[in-house]
Amino acid sequence: MNTKVTVRRCGEYNPIKVYDLISEIYTACEGPDVSGKKVLVKPNILIDSNPAKCISTHPVVVEAMVRLLQSKGATVLVGDSPAMHLPGFKCEKSGIYDVCRRTGAEWVDFLKNPAEAVLKNGKIRIASVTREVDLIISLPKFKNHELVYFTGAIKNSLGLVPGFSKAMQHALHNDRDRFSVFLVDLNEAVTPHFFIMDGIMGMEGHGPGQGTPFATEVLIGSSNPLAMDIIASTIAGYDPMDIPTNAIALSRRQWLTDRSDIVYDGPELETLIRKDFKRIPISVNENIVARFIKHRLHFIKRFEKRPVFKHINCTGCQECIKICPVNAITMHPEKKKWVVLTDNKCIRCFCCAEVCQYSAVEVRRKVFGD
Ligand code: SF4
Ligand code: SF4
């Protein structure tokens, strides 16, 4: 497998500059021949939101990728399944639906007639378009992630799973390691053929939905999801083997047999590492004994990071209630804009923090109180 990762510095969403750099990266990484082929471009659209929030892949990056593929003779489709996926979703606030209108690329609704993918352990619903296209090009966003620490190429494939099936995976794989194994399994079943990561503006802090924009100033390309994630998480200042999806994928030796297999093409990597990027602290209490105790003594669970609801910011929109895969959140019986967490049901998947658009869900330690 191609193990090359190409990185180019890019500090602004200038359409011409971004197009030229993506074109250069595509050539340098020997991106697939798309002439006469049907290609799905899959950005990261966690929530349909203003691009300035850096929650989703920037529309300038999406447009550059679409136009490059069209210039090479491809028929391009664009789509993703956000965290809260309702029928008719069109991704208008993020500017990506406009990209489709401008370029003539077809916007695809992943909820229509989903297909099935066979994983190592069972089956999963998957967008049927993944079966209809010749190639998938994934455009992850450079972001932190409360659960798996860093969200990159491997995590971006979760959006190929339509609707609530995504949140259900948290209930089925209810801790960091199990969920990471599932993500790697999913990527082995449906592997996109090329990746461009939008790291021009990344997200530090409480990603993937409530962090802070951070000028990481890179575009990263690869045909290899693991090689890309190892380089990207290194730039974010993580030890890449602390990212569970990286460690699990590397142990399987499908995409890389060793980190030294990566063929790196770009500026001196050390000069790109963002030491001031606010990372998610790596949990140190995840050994087998700690897990055993945690699953049996509810009080110990209170010492973990958990969702803490800031009632003053809550609008009562109930998106967190709809996404919670284990029904751990309810509305207060008397107060209108006040949600209540049933802590012993909560599996710490942080989907509620991902979907809350009003900064009303913090992920932090809070031993006492609701
Ligand atoms: S916490 Fe956020 S998502 Fe939940 S009801 Fe309040 S505003 Fe909506
Ligand atoms: S309350 Fe939030 S963190 Fe807990 S299980 Fe529900 S969605 Fe996940």
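Predicted model: local features only at pLDDT ≥ 70, side-chain atom pairs only at ≥ 80, totals over all residues.
Now, what surrounds ligand 2? Here, too, we find 14 residues, with C324, A328, C346, C349 and C352 as the closest. Sorted by class, the ligand 2 shell has 13 nonpolar residues, no polar ones and 1 charged.

Let's step back to the whole protein. Its secondary structure comes to 14 helices and 17 strands. The C-alpha trace spans about 60 × 45 × 40 Å along its principal axes. Why do we call the overall size consistent with a compact globule? Because a compact globule of 370 residues would have a radius of gyration near 21 Å, and the protein's 20 Å agrees with that. Buried residues make up 48% of the 370 residues. And if you take contacts between residues at least 6 apart in sequence, 76% of them join residues at least 24 apart.

One last stop: a pair of helices. Two packed helices are described by the angle and the distance between their axes. For α8, residues 225-235, and α9, residues 244-252, the axes come within 10 Å and cross at roughly 140°. The crossing of α8 past α9 is left-handed. Which residues meet there? From α8 we have L226, D229, I230 and S233, and from α9 come T245, N246, A249 and L250. That contact divides into 4 nonpolar, 3 polar and 1 charged residues.

Technical notes. Residues numbered from 1 in each chain as written. Chains lettered and ligands numbered in written order. Axes fitted to C-alpha atoms, helices over the stretch in contact; angles between N-to-C directions. Helix = DSSP H or I, 4+ residues; strand = E, 2+ residues; numbered from the N terminus. Left-handed = near helix turned anticlockwise from the far one by under 90°. Contact = placed C-beta atoms within 7 Å. Nonpolar A, V, L, I, M, F, W, Y, C, P; charged D, E, K, R; others polar. Near = placed C-beta within 6 Å. Rg over C-alpha atoms; globule rule 2.2 N^0.38 Å. Buried ≥ 20, exposed ≤ 12 C-beta atoms within 10 Å, placed from the backbone.
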